[in-house]
Amino acid sequence: MEEVVLARVGAYTIRRASESDIIQVIEINEKTLPEHYSDYFYFEILKDFPEGFIVAELDKRIVGYIMCRIEYGFSHIKRFGLARKGHIVSIAVMEEHRRKGVGSTLIKLAIEEMAKKSCSESYLEVRVSNREAISLYEKMNYKIVGRLESYYRDGEPAYLMARSIQNG
Ligand SMILES: CC(C)(COP(=O)(O)OP(=O)(O)OC[C@H]1O[C@@H](n2cnc3c(N)ncnc32)[C@H](O)[C@@H]1OP(=O)(O)O)[C@@H](O)C(=O)NCCC(=O)NCCS
């Protein structure tokens, strides 16, 4: 498959994911996050919204990823009504590659792809204790719009964070 390079951040290449990246994406997920998914889930996400599955690469190794889904349902921004929403299902950057702008670039590019799919908003869930991620999302203009009690398997609550997307 043709490689679609979306951006460069320092020495990192940010490009669209392909099926052959998924094993490395799963490895990163397992090292960095307590929420894991079946292999099938990753392939489904890639198939459903390939433009929203983006990886960061350095020297032919994947060091970070974002994967998203397009959904239709109740708006998290408007008081009433339905919206087409870009859901950030998972994002992670390997520890030694953090604070270099990779995570924020992955989000920025994913939001651009959501806009192209006519999403008017984006949302995600994050552990209430995950300060790094919450500050990243705030920097990317997400706001806390709700709290989901016992959202995670270990009982920790999640913040629901959302932002609007222009031209969506
Ligand atoms: C959250 C995560 C993806 C951020 O990736 P990253 O590549 O370091 O992000 P960036 O370098 O683009 O950081 C952008 C901004 O986020 C905020 N941020 C990121 N890490 C931070 C930290 N450790 N402390 C405080 N703010 C932080 C800062 O505002 C930062 O901007 P700055 O570096 O100019 O101050 C990364 O820490 C990670 O993979 N964490 C583990 C997995 C995880 O928690 N994923 C989210 C699940 S909901």
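Trainee: Which residues lie nearest the centre of the largest pocket, and by how many residues is the pocket lined?

Mentor: In this predicted model, 38 residues line the largest pocket, and L33, I91, N130, A133 and Y137 lie nearest its centre. Two or more lining residues each are given by β5, α3 (102–116), β6 (121–127) and α4 (131–139). The largest share, seven residues, comes from β5.

Trainee: Why are β3 and β4 called paired strands?

Mentor: Pairing requires at least two bridges. Six bridges join β3 (residues 53–58) to β4 (residues 61–74), so the two strands pair. They run antiparallel, and L58 stands opposite R61 in β4. In the hairpin of β3 and β4, two residues lie between the strands, and D59 takes a positive phi near 50 degrees.

Trainee: How do you know that β4 also pairs with β5?

Mentor: The requirement is again at least two bridges. Eleven bridges join β4 to β5 (residues 82–93), so these strands pair as well. Their direction is antiparallel, and E71 has K85 in β5 as its bridge partner.

Note on methods:
Residues are numbered from 1 along each chain as its sequence is written. This is a predicted model: local features need pLDDT of at least 70, side-chain atom pairs count only at pLDDT 80 or more; totals for chains, interfaces and linings use all residues. Side-chain values use heavy atoms; hydrogens and water are left out. Helices (H or I, at least four residues) and strands (E, at least two) are DSSP runs, numbered from the N terminus. On a 1 Å grid over the protein atoms alone, a cavity is a set of points where a 1.4 Å probe fits but cannot get out, and a pocket is an open set with protein on both sides within 12 Å along at least five of seven lines; lining residues have an atom within 4 Å of a point.
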